[in-house]
Structure formats: structure tokens, C-alpha cells
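Have a look at the structure first.

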Amino acid sequence: ASPVTNPDATGGYYLQGELLAYLLDALVRDSTHDRRGLDDVMRALYIASADGAGFTSQGLERTIDSVCRCALHDVFDRQIRGSSPIDVTPALTRVGLRAVVDTVPAADASGALLPDRRLGVDFSQTAGPLRLVVNNPASVWSVSGLQTGDVLLAMRGSAVTSFAEYRRVLQSVRIGDTIAVDVQRDGQPLHVTVRAADYMTPRVRLLDLDRVTPEQRTRRERWLRGW
């Protein structure tokens, strides 16, 4: 569905998919004492769909259960079909790590503060004017009054009719800039002034567990080599 239908709650589904696959791989490896993993699931799915019929989401769950000889219904129900946060703790514990989450100023590799460019557009649209996606209520764009679904007309006094124009203007934003944004909301024109600033961002650090076993260290070494 378009993110316009689900404002302030748009996630990165590519990253979600990677994390869920990593979690499922860890659960399969745990259940089979490292004899099988997600690669075996993919092979089983390939064989099962060799007739061209493909497979359903229920078929995927059954295949994973058959490979790991376990029941992952609860994981699917809460974290894949449901909306519970993805819990990668089982995957990290296997390699003797834990995740510590805090919040820090957003900065580039050199430590320079980054301007808040947390403003998106609706990529489900293939034609017509750009519609904004303001999916973080703490961003300067949201605080200034812009909303998901606003039709973007102009930024900094110049008409914005394509993604390339929108991206060019957004990438030019620097901390301390004042950006005039013209949009249309419910058919009415609206002028919004945004004051660019730095922002806080989540940080995840991977630290050793209080006690790391030799088996966990061996797994970690293999993991770091691309296993």
C-alpha cells in the first residue's frame, strides 16, 4: 500500500527482510545444531516449486519447519505476519553478542553533524505530482507543519515536478538553512517555512555478552568471515 495510507509508520522493508532472514537462519541453525540453515530452506523451496506453481506464505512456514524440525509459528505470527518488533537476540546470542541501543547526534564518517533530511515522497505513484511522506514526527519537516500526503509544488522558490528536482534540493540543505516549501493540502495551497537543523538518530552497538563461550567465539569467527 502507499505510505500515504499509513502516515508516520513507514519502515524500510528491505532492511526488515534482511533482519528476518538473519533471525530465521539463526533459529534453523540452533534447531539443527548448525547442520542446516537458510540456504537449505531456499533449496527446499526451489525443489517444492519446480513445477512452476510457486509457494504461499503458509508453504514457506511449513518448509522452514520441515527443515529445522521445529515449529516457528509463534515467530511468524508475531514478527512476520504481525507487527511486533523484530527480535534479533537469538541470532546475536549465537555469536556471543548483545545489542545496546541509544541515541546520538547524526553525523557523517568524519564526525560532522548532518542536516535533517528525513523527508520522503510516495514511490507508489508513477505519474502526477509528488506526494510527501513525512514518516518521522520528530523531523524538522513534520515540526514545521508538513504532513504525509501533501502535494509538493515548490521548494526554495523553484517548482519541483520530478524526483530528480526534489532530491537535488533536499541534498543541498545545510544546517541553519531556511527552506520555503509550497504544497497543496486538501486542494488548498499552503506555504511552510522549514528551519534546517541537525537531529538525533538511534545507534546500535554490538557488545560481548557477560560470558562468551568458546563455541560462541568460534561461531563469531566464522560469521565475520562471511559464513
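The face of helix 2 turned away from its buried side carries the exposed residues D39, Y46 and I47. Exposed here means over 50% relative accessible area, buried under 20%, and partly exposed in between, with a 1.4 Å probe and protein chains only. Helices are DSSP runs of H or I with at least four residues, strands are E runs of at least two, and both are numbered from the N terminus.

A word on the ground rules: this is a predicted model, where local features need pLDDT of at least 70, side-chain atom pairs count only at pLDDT 80 or more, and totals for chains, interfaces and linings use all residues. Numbering starts from 1 along each chain as its sequence is written, and side-chain values use heavy atoms, leaving out hydrogens and water.

Back to helix 2 (residues 38-48): L38, V41 and L45 are buried there. They sit on the same side of the helix because they cover an arc of only 50° around the axis, taken from the directions from the helix axis to the C-beta atoms. Their cover includes helix 1 (13-31) and helix 3 (57-68).

Leaving aside residues up to four places away in sequence, R29 touches D34, R36, G37, R94 and W227, contact being heavy atoms within 4.5 Å.

| Residue | Relative accessible area | Class |
|---|---|---|
| R29 | 14% | buried |
| V204 | 54% | exposed |
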